[in-house]
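Please open the structure in your viewer and keep the selection panel at hand. The stops below are meant to be taken in order.

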Amino acid sequence: MTSLRKRVLVTGGAGFLGSHLCERLLRDGHDVLCVDNFFTGRKTNIAHLMGQPRFEVMRHDITFPLYVEVDEIYNLACPASPVHYQFDPVQTTKVSVIGAINMLGLAKRVGARILQASTSEIYGDPTVHPQREDYRGNVNPLGPRACYDEGKRCAETLFFDYARQHHVKIRVVRIFNTYGPRLHPSDGRVVSNFIAQALRGEDLTIYGDGSQTRAFCYVDDLIDGFVAMMEADDSVTGPVNLGNPHEIPVLTLAERVVALTRSSSGIVRRPLPQDDPVQRCPDITLARGLLNWSPKVSLDDGLRRTIAYFQEELAEKSGVQGE
Ligand code: NAD
Ligand code: UDP
Ligand code: UDP
């Protein structure tokens, strides 16, 4: 728990991770300004926070300047699902790069600490395994994922240049696949797809042969990591990997989801998307040492909590996308 009450800006605050972060910061006693253009975020994600006097929401696109007075900034605004970030790739690069410049300019003007939600995607289709922060990655700069991967890489460059050139107090975390309640059922990411398919009795769509690996982190663990990073000494700039090092093939994830939902769904194969990373798993030695952080929630426990959310969500909305 923090003792000092701060004014905290969360960009992308109505999204999956952002809404959990806003909730946590309010619980810790801070004033929270949630800025979001609702491209992939939803008002329902933050509806339960709306009545709180220390919570404020602003509809705004961070590719445009923003003049507010805050002590800390968590920069999360950016679509994260491959389906969404490839929908308007030019906008994806704009929000990553121009959005970062605007938020860094704001941090510079008001002297705020600023944390960047970077991504394991900056490692591309990695040739080193597991991925440590000093690995420079294997990104195809021309492929369909590049708008996101290169946008986020450029954002990291900007963060370190603002730190060197303008002494902005930066933190960069590289987030690995994270899941939990408030993932949108039609978000397109693997955990939400599989759970929604299993609960609807549809076949689970495996891209490729399902041998590609990922390591899935439960959202509460990740948010603990965000806050630990923000509260760390200013010498801790990162980049720091945040993720769960329990690596599994996508096929194993499908089997766990079918078992935990007690679904009669089968499995169908779909083509593997271009540049889909074959193997991904974080080395979190740095986060353990610097932040005393490591994930606590097991895959089965996290999936159970997420399945419970999806059961309610699908029952309430009957599959219709809500605001
Ligand atoms: P999300 O799509 O649920 O949330 C993104 C939020 O940003 C949404 O609310 C969206 O409306 C908002 N947004 C998009 N463009 C905007 C703009 N121009 N101006 C203002 N708001 C804008 O995704 P998420 O999973 O919550 O991801 C949040 C952040 O974490 C992203 O930056 C993403 O790259 C990063 N990240 C997430 C994961 C993960 O596994 N969830 C992994 C790596 C990195
Ligand atoms: N900016 C902002 N809010 C602020 C200060 C700056 O959105 O409170 C934006 C502004 O659009 C500017 C950008 O951040 O172009 C980068 O700011 P910086 O001071 O680094 O550079 P400038 O372009 O002002 O020289
Ligand atoms: N995937 C899958 N079926 C789906 C959605 C995704 O097999 O319905 C695979 C995808 O090809 C990738 C992995 O699951 O190998 C994780 O995909 P996701 O889009 O969640 O995130 P990524 O790690 O690729 O950014």
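This tour of a predicted model begins with the sheet and ends at the ligand.

Begin by selecting the strands of the open sheet, where seven strands pair in parallel in the order S3-S2-S1-S4-S5-S6-S11. The edges are formed by strand S3 (55-59) and strand S11 (240-242), each of which pairs on one side only. If you look from strand to strand, neighbouring members of this sheet are turned by 20° against each other on average, with direction ignored.

Next, select strand S4 (residues 72-75) together with S5, which run parallel and are joined by four bridges. Within this pair, Ile-73 has Ile-114 of S5 as its bridge partner.

H4 touches strand S1 (7-11), S4 and S5, and the direction of H4 makes about 170° with that of S4. Helix H7 (residues 219-231) also packs on the sheet, where H7 touches S4, S5, strand S6 (169-175) and S11, its direction making about 160° with that of S6.

Finally, select ligand 1 and the 28 residues around it, of which Gly-12, Gly-15, Thr-40, Gly-41 and Ala-77 come nearest. Helix H1 (16-27), helix H4 (89-110) and strand S5 (113-119) are the elements that give two or more residues to this shell, and the largest share, three residues, comes from H1. Colouring the shell around ligand 1 by residue class will show 14 nonpolar, 12 polar and two charged residues.

Key:
Residues are numbered from 1 along each chain as its sequence is written. Chains are lettered from A and ligands numbered from 1 in the order in which they are written. This is a predicted model: local features need pLDDT of at least 70, side-chain atom pairs count only at pLDDT 80 or more; totals for chains, interfaces and linings use all residues. A residue is near a molecule or strand if its C-beta atom, placed from the backbone, lies within 6 Å of it. Ala, Val, Leu, Ile, Met, Phe, Trp, Tyr, Cys and Pro count as nonpolar, Asp, Glu, Lys and Arg as charged, and the others, Gly among them, as polar. Two strands pair if DSSP finds at least two bridges between them. Axes are lines fitted to C-alpha atoms, for helices over the stretch in contact, and angles run from 0 to 180 degrees between N-to-C directions. Two residues are in contact if their C-beta atoms, placed from the backbone, lie within 7 Å.
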